[in-house]
Amino acid sequence: MKYFSTRGLDERISAAQAIIRGLAPDGGLYVPESFPQISAQEIEDLCAMNYRARAARIMAPFLDDFTSEEIGELCRQAYGENFDTAEIAPVRFIDETTGYLELWHGPTSAFKDMALQMLPRLLTASLRKQGVELGVCILVATSGDTGKAALEGFADVPGTKIMVFYPRDGVSDVQRLQMVTQEGQNVMVCAVEGNFDDAQAGVKRIFSDKPFADELREKGWFLSSANSINWGRLLPQIAYYFSCYCDFVNAGLIAPGESMDFCVPTGNFGNILAGWIAKQMGLPVERFICASNENNVLTDFITTGVYDKRRDFHLTNSPSMDILVSSNLERLLYFVTGDTERVAQWMNELSTEGHYDVGEEVLGAITKDFSAGFCTGDGASAEIARVWAEHGYLIDTHTAVASAVLSAYRCGTGDETPTAVVSTASPYKFCPSVLSALGMSTDEPGHELIGKLERATGTKAPEPLAHLGEKTERFSECTDPQNMRGVVAAFLD
Ligand SMILES: *Cc1c(COP(=O)(O)O)cnc(C)c1O
């Protein structure tokens, strides 16, 4: 399987090379040249397998420069004791048509672990395969969960360093604590003045800075990305869509071969795009419902075909979705048009003018598979309360956005297709919002609220979150977005 850039650079590279590079030299994202097909019979076979085996089967055809032993070993390491359930990505069913796909049983209690427990292993294996002797420094801009999940994945991995930038005012108390208490000799965490898009733009600037790359190379380092623009991030996510489908079959909500829907709380468009790729590989999915918070640029795009980031940026109670530039949409635009020139032009318009319009035909191709909706912070809180009251099931604010959007979608369309709500974080990661949604006060410091939520609901916090308050804060630096390069240079000196 070869990979090439969405922006037309005339070069075909292997999976290992695409994973090492992250972003393509022309600023595009790497895409596979085809979608491997998984037959209906093979999907039925997957139903009898555990998560690791399902993941290995789905990932293998995309990684044909790796042996099946190597891929099996990667899956064993990535999806093992580091998760708090042997099911890895269990589905909790609340009625005959609805299940919540819980993707937060990994070490940082959010869905980013599904990819970031795999990526460091995939990346170091890729480096060995390519005979690269340089050390790799992972550079991450995070709206919260990616940072911690990447730190946890890369901490003390030989031959790597990891540098995480987060927006000073855009992450929760617990998210910040999780990051600044990270252990490991090869890690660095730094706040950035501004919002997530400022941090992400800063990281993109550094990646496209050729002289800086040369300077680092002389010191023995090269930069790579753990953001969801890296193919190695997207790939592991395809697997859980197949796994969830199998669990719906096994639970009897659908017959083998029958279609289901997914409703996905969306920010950078990585998670939902992985699902759409699963559909292209043969997974029977009717629709993907793209759920946004008040930063509803994707709702508007999927409704009108106009992507317009010139709007107010909202800090919401689902901070990991506070994003105005959804990078992975670029891959979808390439897949539906097959036209790198137009994609490059739209992305250029987005960065120079702040908007682009894909026109009716492309929009039609997108709305064939996608619906979209958004939900306010208050709506998400009400949904947390409703699901808890009606089903005794506790969800976080991001999952609540999707859950509320699904309810509205079903009301509006009468569509009763069995649907998985993709659950992206443990409710314990967003205690203040979840507690206030349940009508409780939240005056205590972040980590004390964890015990309070446990007592109020009789549920149990994930182990690492429960002990957060006992850890030492190691990183307090804050930088102007213009000086992020300087921070990286100092870290690698
Ligand atoms: C990252 C994240 C999202 C958004 O996922 P994308 O792949 O960026 O669309 C949603 N919820 C949580 C909890 C996240 O951490």
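Where is the place of K429? You'll find K429 in the loop between β14 (419–423) and α19. Keep in mind that this is a predicted model.

**K429**
- K429 counts as buried because its relative accessibility is 1%, and the cut-off for buried is under 20%.
- Leaving out residues up to four places away in sequence, K429 touches T108, S109, A110, D145, S172, V174, Q175, Q178 and L465.

**The ligand**
- There are 15 residues around the ligand, and K112, D145, G267, N268 and T424 come nearest.
- G267 brings its backbone instead, with an N or O atom 2.8 Å from a ligand oxygen atom.
- F269 also has a backbone N or O atom by a ligand oxygen atom, at 3.1 Å.
- On its own the ligand would expose 380 Å², and the protein buries 97% of that.

**Helix α20**
- Helix α20 covers residues 446–457, so that's 12 residues, with helices taken as DSSP runs.
- From first C-alpha to last, α20 reaches 17 Å, close to the expected 16 Å.
- Its buried residues are G446, L449, I450, G451, K452, L453, E454 and T457.
- Among the elements covering those buried residues are α8 (173–180), α17 (377–391), α19 (431–437) and α21 (463–466).
- Just past the end of α20, G458 takes a positive phi of about 70 degrees.

How values were computed
Residues numbered from 1 in each chain as written. Predicted model: local features only at pLDDT ≥ 70, side-chain atom pairs only at ≥ 80, totals over all residues. Heavy atoms only, no water. Helix = DSSP H or I, 4+ residues; strand = E, 2+ residues; numbered from the N terminus. Expected span 1.5 Å × (residues − 1). Buried < 20%, exposed > 50% of the residue type's maximum accessible area, 1.4 Å probe, protein only. Contact = heavy atoms within 4.5 Å. Near = heavy atom within 4 Å. Polar contact = N/O pair within 3.5 Å; in protein donor to acceptor, adjacent residues only side chain to side chain. Areas by Shrake-Rupley, 256 points an atom, 1.4 Å probe, with all protein chains shown as cover.
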